[in-house]
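User: I would like to learn how to read a protein model feature by feature, with the general idea given before the particular case. Could you take me through it?

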Amino acid sequence: MRMKRKKNLDERIAASSDYLTIMKNASLNYNDAVKEDHLIDLTKLFGNGKPVVLEIGSGKGQFGCEYAKRNPQRNILCVERNRNVLILAIDRARAMGLDNIRFLCGTAEYLPSYIDENSVEEIYLNFSCPFPKHRHIAHRLTNPRFLEIYKKILKPDGVICQKTDNMHFFEYSIEQFSACGFKLSNISLDLHNSDFEGNIVTEYENKFASRGFPIYRLEARL
């Protein structure tokens, strides 16, 4: 069911410039968009030179805000295309008084024109849409066209952390990471029944785990 549009959404988005950057080229084909330079000065954005991590598909901000709270020595930039849920994430961050989290409204296709090369320590892909139909395979966030983007913006020792409840998407991701030269580690086929420590539970994770679905997780490095 589609979420009802939030009241005064446009006004609330416009008043969120302290937390929010909006992509300017989302109407372009992404192959054309990457030729444009809208690179964000991350030091200026956060007001410090702390390491930056990226979450792609932040939803209502449960993961991003909790990550920021637990890791004051790091900054997190959360990417989300849906303004209706994005405003909830911003409201959450403001209510928690977080100063090490920012939001980028847009999609991963356009990241190369906003995030400089070798500037991100970690990338989090939490419960990305699996796009199960084969004709939509190019939209999966672990499709090679996205993995090549991540390669550029990650620092040489950077890591991608993926979580999903979808076994077929997880298997697909393992294949694509391996084919694109990533080395996989800390692979879990049932995260909540493993000895992994420090997991930050997302909204979707709560939903699926409560129904007894196993949660899959991996880390990928170049």
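Analyst: What follows is a walk through the sheet, one of its strands, the aromatic rings and a few single residues. The model is a predicted one, in which local features need pLDDT of at least 70 and side-chain atom pairs count only at pLDDT 80 or more, while totals for chains, interfaces and linings use all residues. Residues are numbered from 1 along each chain as its sequence is written, and side-chain values use heavy atoms, with hydrogens and water left out.

User: What is the order of the strands in the open sheet?

Analyst: Strands of a sheet pair through backbone hydrogen bonds, in either a parallel or an antiparallel way. Here helices (H or I, at least four residues) and strands (E, at least two) are DSSP runs, numbered from the N terminus, and two strands count as paired if DSSP finds at least two bridges between them. In this model eight strands make an open sheet in the order β1-β4-β3-β2-β5-β6-β8-β7, and the pairing is mixed. Because β1 and β7 (183-188) stand at the edges with a single partner strand each, one side of each is left without a neighbour in the sheet. On average, neighbouring strands of this sheet are turned by 20° against each other, direction ignored; such angles are taken between axes, which are lines fitted to C-alpha atoms (for helices over the stretch in contact), and run from 0 to 180 degrees between N-to-C directions.

User: Which strands pair with β4, and over how many bridges?

Analyst: Strand β1 (residues 20-22) is joined to β4 by three bridges, and the two run parallel. Within that pairing, Leu20 has Phe103 as its bridge partner, and Thr21 has Leu104. Strand β3 (residues 75-80) also pairs with β4 in the parallel sense, over five bridges, and there Ile76 stands opposite Ile101. Between β3 and β4 the chain passes through helix α5 (residues 83-95), in a β-α-β crossover that is right-handed, a term used when, with the strands pointing away from the viewer, the path from the first strand over the helix to the second runs clockwise.

User: Are the residues of β4 buried or exposed?

Analyst: In a regular strand the side chains alternate between the two faces of the sheet. A residue is called buried under 20% relative accessible area, exposed over 50% and partly exposed in between, with a 1.4 Å probe and protein chains only. Strand β4 (residues 101-105) is mostly covered, with five of its five residues buried. Ile101, Phe103 and Cys105 lie on one side, Arg102 and Leu104 on the other, and both faces are covered. Helix α4 (residues 62-70) lies across β2 (52-56), β3, β4 and β5 (120-126), and runs at about 175° to β3.

User: How many aromatic pairs does the structure hold?

Analyst: A pair of aromatic rings is described by the distance of the centres and the angle of the planes. Rings of Phe, Tyr and Trp (its six-membered ring) pair if their centres lie within 6.5 Å, and planes under 30 degrees apart count as stacked, over 60 as edge-to-face and the rest as tilted. The structure holds nine such pairs. One of them is the edge-to-face pair of Phe177 and Phe182, at 5.4 Å centre to centre and with 80° between the planes; both Phe177 and Phe182 are buried. Ring pairs also link Phe127, Tyr204, Phe208 and Phe213 into a cluster.

User: Which residue lies over the face of Tyr172?

Analyst: A charge sits over a ring if NZ of Lys or CZ of Arg is within 6 Å of the ring centre and within 35 degrees of the ring normal. Arg140 lies over the face of Tyr172, at 4.6 Å from the ring centre.

User: Where is Ile215, and which residues does Ile215 touch?

Analyst: Ile215 is in the loop between α8 (203-210) and β8 (216-221), and is buried, with a relative accessible area of 1%. Contact means heavy atoms within 4.5 Å. Not counting residues up to four places away in sequence, Ile215 touches a set of residues including Phe127, Ser188, His192 and Phe208.

User: What is the phi of Asn118?

Analyst: Asn118, in the loop between β4 and β5, has a positive phi of about 55° although it is not a glycine.
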